[in-house]
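Here is my note on the model you sent. Please read it with the structure open beside you.

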Amino acid sequence: QVQLVESGGGLVQSGGSLRLSCAPSGLTLSSYAIGWFRQAPGKEREGVSCINSGDGSPYYAESVKGRFAISRDNANRTAYLQMNNLKPEDTAVYYCAAVAMSPFTPIEVMCRRPNERYYWGQGAQVTVSS
């Protein structure tokens with residue numbers, strides 16, 4: 001059974017930082033593309049950042065470019081989303097997702113399809129106060 005366990009959410013002031021972690025079990029992390037998505041109250045889920053299983057460049061939504069960084073540590077079977085200079089509009093539930101996808105497929109495809117049948121984590125609340 002595949003499970004993605006997220007951690008690292010919380011409450012932070014505007015301009016602060018948080019790091020989200022995603023630890024999958026039941027799958028080999030190195031063989032999967034990983035994405036971070038978020039859903040704010042009253043809004044649809046959106047792709048924030050995605051990274052493929054190979055060495056390709058990650059994808060970032062325009063709203064987080066230069067502030068967020070996605071990474072993966074295949075040896076420790078954990079993926080991360082480092083979030084810096086957080087803004088109140090970053091407040092949302094953040095989800096990690098995993099999908100077996102060819103490393104030759106543009107990783108943007110994963111992030112632009114937030115309602116696909118990926119493996120999903122349970123979500124982590126991130127709240128940024130002004």
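Predicted model: local features only at pLDDT ≥ 70, side-chain atom pairs only at ≥ 80, totals over all residues.

The points below cover the disulfides, the cores and the strands.

1. Disulfide count and pattern. The chain has two disulfides. Count the bonded cysteines along the chain, and the pattern reads 1-3, 2-4.

2. Cys22 and Cys96. These two cysteines are joined, with an S to S distance of 2.2 Å. That is within the 2.5 Å cut-off, so the pair counts as a disulfide. Cys22 sits in strand S3, residues 18-25, and Cys96 in strand S9, residues 92-99, so the bond ties together parts that are 74 residues apart in sequence. The torsion about the S-S bond is about 60 degrees, so this disulfide is right-handed. Are its two ends buried or exposed? Cys22 has a relative accessible area of 0% and is buried. Cys96 is also at 0% and counts as buried.

3. Cys50 and Cys111. Here the S to S distance is 2.1 Å. Cys50 belongs to strand S5 (residues 46-51) and Cys111 to helix H1 (residues 108-111), so distant parts of the chain, 61 residues apart, are linked. The S-S torsion is about 100 degrees, so this disulfide is right-handed. Cys50 is buried, at 0% relative accessibility. Cys111 has 4%; buried means under 20%, so Cys111 counts as buried.

4. The largest nonpolar core. This core holds 29 residues. Which residues have the most contacts inside it? They are Leu20, Phe68, Leu81, Met83 and Tyr94. Several strands each give at least two residues to this core, among them S3, S4 (33-39), S5 and S11 (124-129). S9 supplies the largest share, four residues.

5. Another core, of 11 residues, lies apart from the largest one. Its members include Ala33, Ala97, Val99 and Ile107.

6. Met83 up close. Leave out residues up to four places away in sequence, and look at what Met83 touches. Its contacts include Leu20, Phe68 and Tyr94. Gly16, Ser17, Leu18, Arg67 and Val126 are also touched by Met83.

7. The four-stranded sheet. This sheet is open, its strand order is S1-S3-S8-S7, and the pairing is antiparallel. Which strands stand at the edges? They are S1 (3-7) and S7; each has a single partner strand, so one side of each is left without a neighbour in the sheet. Neighbouring strands are turned by 15 degrees against each other on average, direction ignored. S7 and S8 pair over six bridges. Within that pairing, Ile70 has Leu81 of S8 as its bridge partner.

8. Strand S5 and its partners. Five of the six residues of S5 are buried, so S5 is largely enclosed by the rest of the structure. S5 runs antiparallel to S4, with five bridges joining them. In S5, Gly47 stands opposite Phe37. S4 and S5 form a hairpin with six residues between them. In the turn, Gly42 has a positive phi of about 80 degrees. S5 also runs antiparallel to S6 (residues 59-60), joined by two bridges. There, Cys50 stands opposite Tyr59.

Terms used:
Residues numbered from 1 in each chain as written. Heavy atoms only, no water. Buried < 20%, exposed > 50% of the residue type's maximum accessible area, 1.4 Å probe, protein only. Core = buried A, V, L, I, M, F, W, Y, C linked by side-chain atoms within 4.5 Å. Contact = heavy atoms within 4.5 Å. Pairing = 2+ DSSP bridges. Axes fitted to C-alpha atoms, helices over the stretch in contact; angles between N-to-C directions.
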